[in-house]
Amino acid sequence: MRSRHVFGLAAALALIGVALFLYKVVAVGLPLKRDKMTDLWEVEVAFGFNARGRPVRLTFPVPPGAPGFTIVNQNFVSRGYGVSTADALDGNRRAVLSIRKAEGRQSLYYGFAVLRGPTVVAAKAEGPPEAVAPKLSEPERIAAEAIQLAAVAQSADATTFVVQVLKHLAEHRPMRSVVALLGDRPTALKKINAAAKIAALAGLPVRTVHGISLGLDRTHARFDHWLEVHDGKQWLSFLPDASGPGLPDDKLAWWRGPSPFTEISGGDQPHVTITVSKSRNPTLQVVRTLGEQAKAPLLTWSLFSLPLQTQIVFRLLLTVPVGVFLLVIMRNVVGVKTFGTFMPVLIALSFRETQLVWGIALFTVVVSGGLLVRLYLEQLKLLLVPRLAAVLIVVILLMAALSILSHKLDITSGLSVALFPMVIMTMTIERMSITWDELGGGEAIREGIGSLLVAVLCYLAMSPPAVEHLLFAFPELLLIVLAATVLLGRYSGYRLAELARFRVLGGRNT
Amino acid sequence: MLGLARRLRANGVLGINARNALYMLPHNPRRLYPLADDKLRTKEIAAKVGIKVPELYAVVASPGDVRSLHAALAGYQDFVVKPAHGSGGEGIIVVTGRAGDNYRLSDGTLMDHADMAFHVNNLLSGIYSLGGQADKALVEYRVRFDPVFDNIAYQGVPDVRIVVYFGYPVMAMVRLPTRASRGRANLHQGAIGAGVDIATGTTLMAVLKTGIVADHPDTGHPVSGICVPYWQALLDIAARSWELTGLAYQGVDIVLDRDLGPLVLELNARPGLAIQIANRAGLRRRLELVDKARGDGTAAPTAAERVAFAKARFAAVGA
């Protein structure tokens with residue numbers, strides 16, 4: 001009954017924690033390590049043209065994003081131009097830059113960033129489209145049919161057919177019909193268009209794709225062209241080098257179909273320069289930017305949305321449960337005696353500001369000093385509260401003296417004794433004094449050493465930056481800690497210290 | 001290590017976690033703790049059901065009362081001053097007589113009125129109470145100890161601690177002060193505890209810290225084989241203490257007065273576990289036996305029946 005409730009609660013908490021955690025790692029892509037980096041490509045397109053003093057309308061396609069690619073930070077630098085984007089008839093999304101009147105040299109810029117992230121853009125479910133009969137002149141038709149015939153003979157199905165067509169078109173010493181179709185100086189675009197026509201002639205649903213490579217930095221990137229053929233289930237990609245279906249994962253599709261990149265009215269055909277530059281950014285930052293753009297509730301409602309000052313506080317605060325959990329284990333499973341319930345965790349927090357070794361030294365010196373003062377004041381028979389107050393005053397003087405001393409001796413870390421450690425240490429001395437009064441000196445020293453030991457362990461568990469990052473990015477992990485703590489709350493086994501204590505009762509005959 | 005844990009479990013040894021989780025948390029409601037923690041309230045309810053306690057002479061509740069204390073005590077030659085919320089015997093002053101205007105203490109030193117007033121003021125400010133909360137001072141009858149433990153107690157106050165579970169006395173020990181415990185009967189301060197056979201009331205071996213000793217470390221006399229007088233009465237008091245507080249799991253501390261017999265000194269809502277070492281027996285096994293005997297708790301045996309059960313079932317093995 002009660003146990004089942006506890007186990008049920010713990011299981012539910014742990015399940016929620018694990019599920020949220022996995023979702024955020026796998027689907028949202030929050031990094032497990034703070035310093036993990038993600039590749040980001042900045043793409044900038046510059047349009048230069050002469051305007052003729054009339055209304056100017058420049059359109060060009062904007063990349064749609066694709067599975068594995070996410071387009072972020074789209075921006076237009078186009079002084080005076082109105083900017084809009086609209087879905088064009090051919091299925092592409094095109095940006096329209098327009099102005100009532102422009103004269104002379106115009107420089108317009110369009111930029112965006114691409115990242116290869118785990119953020120999956122849902123692929124649109126598309127049924128197989130109708131194959132459209134290509135428009136061909138008579139000589140073209142004859143040439144195309146010749147190539148089609150040759151390719152059909154050498155292929156088994158649609159995929160191998162397309163590969164064969166592309167192979168014929170890429171031939172160093174092309175067939176006569178290839179020359180007839182492509183002319184003397186075939187470009188990659190011409191080849192792909194020709195291949196599309198031949199495939200369409202064979203009754204295949206086909207389209208051309210134009211995109212860029214995101215490999216290296218390029219100041220003058222060129223468009224690559226490839227073919228997409230629908231095999232009845234999905235679109236398959238074919239590069240002009242006839243390497244078969246499939247696309248290198250650095251190819252970013254930009255627009256599809258026969259339409260040109262830019263269309264302009266009221267100006268010369270623009271000169272287009274595409275620059276691609278790669279940069280490495282912290283994954284965390286990238287994912288957050290993405291999440292904010294997509295208004296993903298897990299990120300917009302996360303701790304990252306807090307003001308920076310508050311974030312710093314929570315970075316610290318969220319590690320406290322780890323220390324507290326460790327403390328529960330040390331007290332209830334190991335059986336270490338400590339001051340108060342959570343004093344060791346507070347001491348561990350103050351070590352974060354003083355650094356460990358210096359913190360232990362300071363703790364020992366100050367606490368021993370405080371106790372010496374207490375011992376002396378005991379002889380004066382002071383009342384409880386004034387005596388504690390006197391101890392605290394002396395402790396603060398002691399800390400001030402230590403700070404000055406360490407400064408003069410050029411031990412810089414001594415200066416980092418901030419307000420917080422002071423408060424914690426004075427509280428420790430108060431607790432220790434009370435224990436000394438109630439349970440005697442031996443017990444006080446034993447608990448003092450126990451507290452210091454647990455504090456060091458807590459510090460070691462709480463302070464690694466990895467722990468801090470994990471808990472800040474995935475606060476739901478604390479649900480798992482909570483589940484474990486709840487379970488420990490029902491632990492009724494022996495403490496390790498009790499095994500030693502009751503050793504004499506461990507005989508077989510008792 | 002696991003083997004040791006398994007053997008302890010097989011012997012029915014009770015650990016702190018098990019004591020808290022299985023016996024104190026479910027059966028000792030927190031609101032009842034003050035009945036045991038506040039010696040004044042313990043005294044009041046004990047008197048109501050006719051359990052004998054040291055007679056209360058005066059209560060000092062506020063610093064204003066301290067000045068009139070001397071006058072209030074004029075009629076008493078000897079008495080004990082103790083904090084109502086004290087623990088571990090701290091803050092107790094035993095006045096054995098008077099020398100002119102001064103009080104004579106048990107260790108032979110003298111204390112004047114100002115010193116006594118200072119001590120009581122300290123006590124009121126909470127210096128001896130758990131957690132340092134404000135406290136009251138009780139002035140009560142000074143117990144004349146039954147001479148039975150004279151050979152195995154070093155000064156101070158030997159008392160009998162009986163752990164009671166749902167009114168069944170499950171385990172007992174005599175707590176004997178030593179030089180190290182400075183006359184106090186608390187085991188963690190260095191007193192020794194001699195187990196007592198529930199069936200017969202004779203002492204067994206003793207525990208010192210976590211080890212077992214046969215002789216008192218200061219007097220050298222063997223601690224075992226001594227018959228605790230009034231044993232049946234002690235068990236009866238222990239059994240009835242459950243109805244006193246309603247705390248299902250508690251310790252009863254009883255002193256033996258030469259003239260008045262057993263007097264309940266205090267009740268303890270969190271009795272320690274060292275009693276198991278003194279008796280070389282596990283508490284948990286006995287608690288489980290009581291649980292089995294109670295069944296669903298509807299039978300409600302009388303105190304006498306519970307004592308009879310305890311004497312029959314909890315006799316020391318191989319003593």
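# Close-up views of a predicted two-chain model

**View 1. Helix 4 of chain B and the elements that cover its buried residues.** In helix 4 of chain B, the buried residues are Lys39(B), Thr42(B), Lys43(B) and Ala46(B). Looking down the axis of helix 4 of chain B, one finds these buried residues within an arc of 100°, so they line one face of the helix. The cover over the buried residues of helix 4 of chain B includes helix 3 (33-37), strand 1 (56-60), strand 6 (137-140), helix 7 (231-245) and strand 13 (261-268) of chain B. After helix 4 of chain B comes Gly50(B), whose phi is positive, near 80°. As in every view here, the model is predicted, and for chain B the mean pLDDT is 88, with 98% of its residues reaching 70 or more.

**View 2. The two domains of chain B and the contact between them.** The domain assignment divides chain B into domain 1, which takes in residues 2-47 + 146-313, and domain 2, which takes in residues 56-140. Between the C-alpha centres of domain 1 of chain B and domain 2 of chain B there is a distance of 28 Å. Nine residues from domain 1 of chain B and eight residues from domain 2 of chain B take part in the contact. On the side of domain 1 of chain B that touches domain 2 of chain B, the largest share, three residues, is given by helix 4 (residues 39-48) of chain B, the helix shown in the previous view. Sorted by class, that side of domain 1 of chain B consists of two nonpolar, two polar and five charged residues.

**View 3. The surface of chain B that touches chain A.** Here 32 residues of chain B are in contact with 25 residues of chain A. On the side of chain B that touches chain A, the elements giving two or more residues are helix 1 (2-10), helix 2 (16-27), helix 6 (113-124), strand 11 (211-213) and helix 8 (275-279) of chain B. The largest share of this side, five residues, is that of helix 2 of chain B. When the residues on the side of chain B that touches chain A are divided by class, there are 14 nonpolar, 15 polar and three charged. For the model, the scores are ipTM 0.80 and pTM 0.72.

**View 4. Asp101(B) in a loop of chain B.** The loop that holds Asp101(B) runs between strand 3 (93-99) and strand 4 (102-105) of chain B. Is Asp101(B) buried or exposed? Asp101(B) has 9 other C-beta atoms within 10 Å, and because a residue with 12 or fewer counts as exposed, Asp101(B) is exposed. If residues up to four places away in sequence are left out, Asp101(B) touches Asp112(B) and His113(B). The C-alpha atoms of Asp101(B) and Met111(B), which are 10 residues apart along the chain, are separated by 9.2 Å.

**View 5. Helix 16 of chain A and its buried face.** Helix 16 (residues 477-488) of chain A has 12 residues, and the distance from its first C-alpha to its last is 17 Å, close to the 16 Å expected at 1.5 Å a residue. Its buried residues are Leu477(A), Leu479(A), Ile480(A) and Ala483(A). Down the axis of helix 16 of chain A, these buried residues fall within an arc of 160°, so they line one face of the helix. The elements against which the buried residues of helix 16 of chain A pack are helix 1 (2-28) and helix 15 (465-473) of chain A.

**View 6. Lys24(A) in helix 1 of chain A.** Lys24(A) is placed in helix 1 of chain A, one of the helices against which the buried residues of helix 16 of chain A pack. Lys24(A) counts as partly exposed, because 18 C-beta neighbours lie inside 10 Å. Leaving aside residues up to four places away in sequence, Lys24(A) touches Leu30(A), Leu298(A) and Phe474(A). Lys24(A) and Ser463(A) are 439 residues apart in sequence, and from C-alpha to C-alpha they are 23 Å apart in space.

View 7. Among the buried residues of helix 12 of chain A are Leu384(A), Arg387(A), Val391(A) and Met399(A). Following helix 12 of chain A is Asp410(A), whose phi is positive, near 65°. The domain assignment of chain A gives domain 1 as 37-125 + 216-223 + 248-294 and domain 2 as 320-462. Taken over C-alpha atoms, the centres of domain 1 of chain A and domain 2 of chain A are separated by 61 Å.

Note on methods:
Residues are numbered from 1 along each chain as its sequence is written. Chains are lettered from A and ligands numbered from 1 in the order in which they are written. This is a predicted model: local features need pLDDT of at least 70, side-chain atom pairs count only at pLDDT 80 or more; totals for chains, interfaces and linings use all residues. Domain bounds come from an automatic or database domain assignment. Two residues are in contact if their C-beta atoms, placed from the backbone, lie within 7 Å. Helices (H or I, at least four residues) and strands (E, at least two) are DSSP runs, numbered from the N terminus. Ala, Val, Leu, Ile, Met, Phe, Trp, Tyr, Cys and Pro count as nonpolar, Asp, Glu, Lys and Arg as charged, and the others, Gly among them, as polar. pLDDT is the predictor's confidence in each residue, from 0 to 100. The expected span of a helix is 1.5 Å times one less than its number of residues. A residue is buried if 20 or more other C-beta atoms lie within 10 Å of its own, exposed if 12 or fewer, and partly exposed in between; C-beta atoms are placed from the backbone. The arc is that of the directions from the helix axis to the C-beta atoms.
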